[in-house]
Amino acid sequence: MPEQIIIDLEVMYAGSGQAKLDDLPGYRATALQLAGRGNRVVLTGRGPVWLYLALAHELHGVSQSLEYDSPVTGRIIIFDHNPFRGDSPT
């Protein structure tokens with residue numbers, strides 16, 4: 001059964017104070033390691049849009065689903081490849 005994995009982007013670059021484009025390969029590797037394969041992943045935390053987009057692209061095809069969560073928007077589904085979600089007998 002897939003686990004829910006929450007990835008806080010701000011933790012990835014906490015030591016440097018802000019995300020740096022030069023460090024993108026490391027952010028991608030960290031996200032892949034944290035996400036595992038076939039899990040439900042939630043991206044959260046303060047971070048630049050380019051980092052969210054890059055990680056969403058990296059996790060597509062690896063994660064069963066990806067959501068974005070912020071206090072302003074709540075959870076937003078980025079993609080969901082669960083073939084059984086939403087299928088219920090009527």
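Four salt bridges are present in the structure, which is a predicted model. One of them is formed by the side chains of glutamate 10 and arginine 46, with an N to O distance of 3.8 Å. This pair connects distant parts of the chain, since glutamate 10 belongs to helix α1 whereas arginine 46 lies in the loop between β2 and α3, at a separation of 36 residues. Glutamate 10 has a relative accessible area of 32% and is therefore classed as partly exposed. Arginine 46, by contrast, is exposed, at 62%, a value that lies over the 50% limit for that class.

Glutamate 67 is buried, because its relative accessible area is 15% and the buried class comprises values under 20%. Aspartate 69, at 23% relative accessibility, counts as partly exposed, and arginine 75 is likewise partly exposed, at 41%. In general, side chains of opposite charge can pair when their charged atoms come close.

The largest nonpolar core comprises 20 residues, of which Ile7, Tyr27, Val41, Leu43, Leu51 and Leu55 touch the most other members. At least two residues of this core are supplied by each of β1 (4–8), α1 (9–12), α2, β2 (40–44) and α3 (49–59). The greatest contribution comes from α3, which provides six residues. In soluble globular proteins, nonpolar side chains tend to be buried together.

Among the core residues that touch the most other members is Tyr27. When its neighbours within four places in sequence are left aside, tyrosine 27 is in contact with Met12, Tyr13, Gln18, Ala19, Lys20, Trp50, Leu51 and Leu55. Two of these partners, Leu51 and Leu55, are themselves listed with Tyr27 among the core members that touch the most others.

Threonine 30 is located in helix α2, which spans residues 24–35. With a relative accessibility of 31%, threonine 30 is classed as partly exposed, because this value falls between the 20% and 50% limits. The C-alpha atoms of threonine 30 and histidine 81 are 22 Å apart in space, and the two residues are separated by 51 residues in sequence.

Key. Residues numbered from 1 in each chain as written. Predicted model: local features only at pLDDT ≥ 70, side-chain atom pairs only at ≥ 80, totals over all residues. Heavy atoms only, no water. Helix = DSSP H or I, 4+ residues; strand = E, 2+ residues; numbered from the N terminus. Buried < 20%, exposed > 50% of the residue type's maximum accessible area, 1.4 Å probe, protein only. Core = buried A, V, L, I, M, F, W, Y, C linked by side-chain atoms within 4.5 Å. Contact = heavy atoms within 4.5 Å.
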